[in-house]
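The stops below are given in the order in which to select them.

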Amino acid sequence: MKLVFKDGDILKERSNALILGVYEDGLDEMAKRVDKRVRKKVSKLLSSGEFEARLNSTSIIHAFGGFPSERLLLVGLGKHSEFTIEKLRQASGTAAVAVRNKGLKNAVSSLHLCEVPEASPSDVGQAIAEATTLALYRFGKYKTEKDVVKEYAKEIKSLVLPEKNAARCRELRSGAGIGEKIAKAVSHVRDLVSEPAGVLTPTELANRARDLSKEHGFKCSIIMPEGIKKLNMGAFLAVAQGSHQPPRLIVLEHNGGGAARPLVLVGKAITFDSGGISIKPWEGMEEMKDDMSGGAAVLGAVCAAAQLKLPINLVGIIPSTENLPGGGAYKPGDVLRSMSGITIEVISTDAEGRLILCDALAYAARYKPAAIIDLATLTGACVVALGHVNSGLMGNDEGLLKKIEVASRVTSEKVWRLPLDDEYAKQIKSDIADVKNVGGRPAGTITAALFLKKFVGDTPWAHLDIAGTAWTKEAMPYCPKGATGIGVRLLTELARAYYTT
Ligand code: BES
Ligand code: ZN
Ligand code: ZN
């Protein structure tokens, strides 16, 4: 789909549908102009209660020659005084999906004329571009039934947003350029997470990372099992032992920040988590193909930084393996020696994420990072605590955590802090080794994070548990069912706002 901000008048533009945002509590100037052209049909729909203009509600009527576009698509925006950039994203996504599902090929939109407090024209352009692209995302490569293939082939060709003020138009367009690049990175992540584990093995993930590095221009080194052994990553290797698929350590670098210390991102990439010897129950196990969402988000963030040519040094470290109960598998009771030298007693082989991450975090120290952020679908306990709305946020540095919270408010990828009090640490004390990989049921998300904390030393570090937010069973306004691509927009905003030189 092409998104075109151009000089012109919405009421003179020809298309299959004109998209109009409507507030619950009264028509704005644009809506009044449109309303006049359709003999007050919009007002009538509102006063009769047939269209209440609640956020993300839609109604489509024929224009009958009131203006050159054939139809009028009304999109509810909620209360005028409560409008935000996130609501603009949602309304843009809702409108795009409605246009596509009607089988329409092109539309003209007035959504960029909505007033959003504290948002620049560039922010508005970015929000519309991001949400429109992300709302229309689909993963259809394994669908073969004719009617479904036909349905999936329905695509919008163009969305035109006319803007009379030339300076504002330029700003909208530049924001849209940013939004399209970020949305593309998020789409790459959704593709990777949606892919079945039989296809997306650690080897395949590394290959795709290499392809993306060539496409977008960043460095990609792939460390093979012998290299991982040389690094003494005993915890990472133990998890990989149970599978015939060899592990990969994927290291990405976007060097745009000169001599500045890098921001290092670390992402869990278990391409399938069966639980290993501590095997999971069968129900829902298919979802464990998404256990590489943290790694995919890191890859997406580096893609976005490279495409946007951000003046920043950004490193991505992605340990990737399967967690299977093969004959060589590691076992509960085993004691592992991690790269940092810290020894670990295995209580459950299903708490494998922290084992691959602890070696990756130790490796991160080599880059003398300004900060380390790891992302992982780490604990079921996080889903219990925060559901599918917020990612869990923990860390050792107040300043870094605050920055992440600000970036989270900007992008609406929500995070909620959990406490890392020392008192919880006794739960992961081991009798035989330095630490054990499970701290029991209470505060499972916190004890997992406290385990990771042992491996980051004094470097400012934050951990995002995305177990509940990486996948959605319900479609959302700019995210269809399935992989969400969580983290990319948040990390890109964080990098842009705080780590550029
Ligand atoms: N990948 C899972 C966590 C997970 C669970 C992600 C549900 C998404 C949805 C992780 O490796 C795991 O199995 N964690 C265990 C830890 C436990 C053994 C301490 C868990 O949460 O049950
Ligand atoms: Zn597990
Ligand atoms: Zn896992």
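**Stop 1: a buried lysine**

Select Lys-268, which is buried, with a relative accessible area of 2%; buried means under 20% relative accessible area, exposed over 50%, partly exposed in between (1.4 Å probe, protein chains only). This is a predicted model, in which local features need pLDDT of at least 70, side-chain atom pairs count only at pLDDT 80 or more, and totals for chains, interfaces and linings use all residues. Residues are numbered from 1 along each chain as its sequence is written, chains are lettered from A and ligands numbered from 1 in the order in which they are written, and side-chain values use heavy atoms, with hydrogens and water left out.

Lys-268 sits in the loop between strand S9 (263-267) and strand S10 (269-273). Helices (H or I, at least four residues) and strands (E, at least two) are DSSP runs, numbered from the N terminus.

**Stop 2: the annotated set**

**Stop 3: the zinc ions**

Select the zinc ion (ligand 3). Which residues coordinate the zinc ion (ligand 3)? The donors are Lys-268 (NZ), Asp-273 (OD), Asp-291 (OD) and Glu-352 (OE), at 2.0 to 2.4 Å. Donors are N, O and S atoms within 2.8 Å of the metal (3.2 Å for Na, K and Ca); water is not among the atoms, so sites may look incomplete.

Their spacing in sequence is K-x4-D-x17-D-x60-E. Now show the zinc ion (ligand 2), 3.2 Å from the zinc ion (ligand 3); Asp-273 coordinates both.

**Stop 4: Asp-273**

Center on Asp-273, in strand S10. Its relative accessible area is 3%, so Asp-273 is buried, and Glu-352 is buried as well. Leaving out residues up to four places away in sequence, Asp-273 touches Lys-280, Met-285, Met-288, Asp-291, Asn-323, Asp-350 and Glu-352; contact means heavy atoms within 4.5 Å.

**Stop 5: Pro-202**

Finally, select Pro-202 in helix H7 (residues 202-216). Is Pro-202 buried or exposed? Pro-202 is buried, with a relative accessible area of 0%. With residues up to four places away in sequence not counted, its contacts include Pro-246, Arg-248, Thr-271 and Glu-322. To Ile-404, 202 residues apart along the chain, the C-alpha separation is 29 Å.
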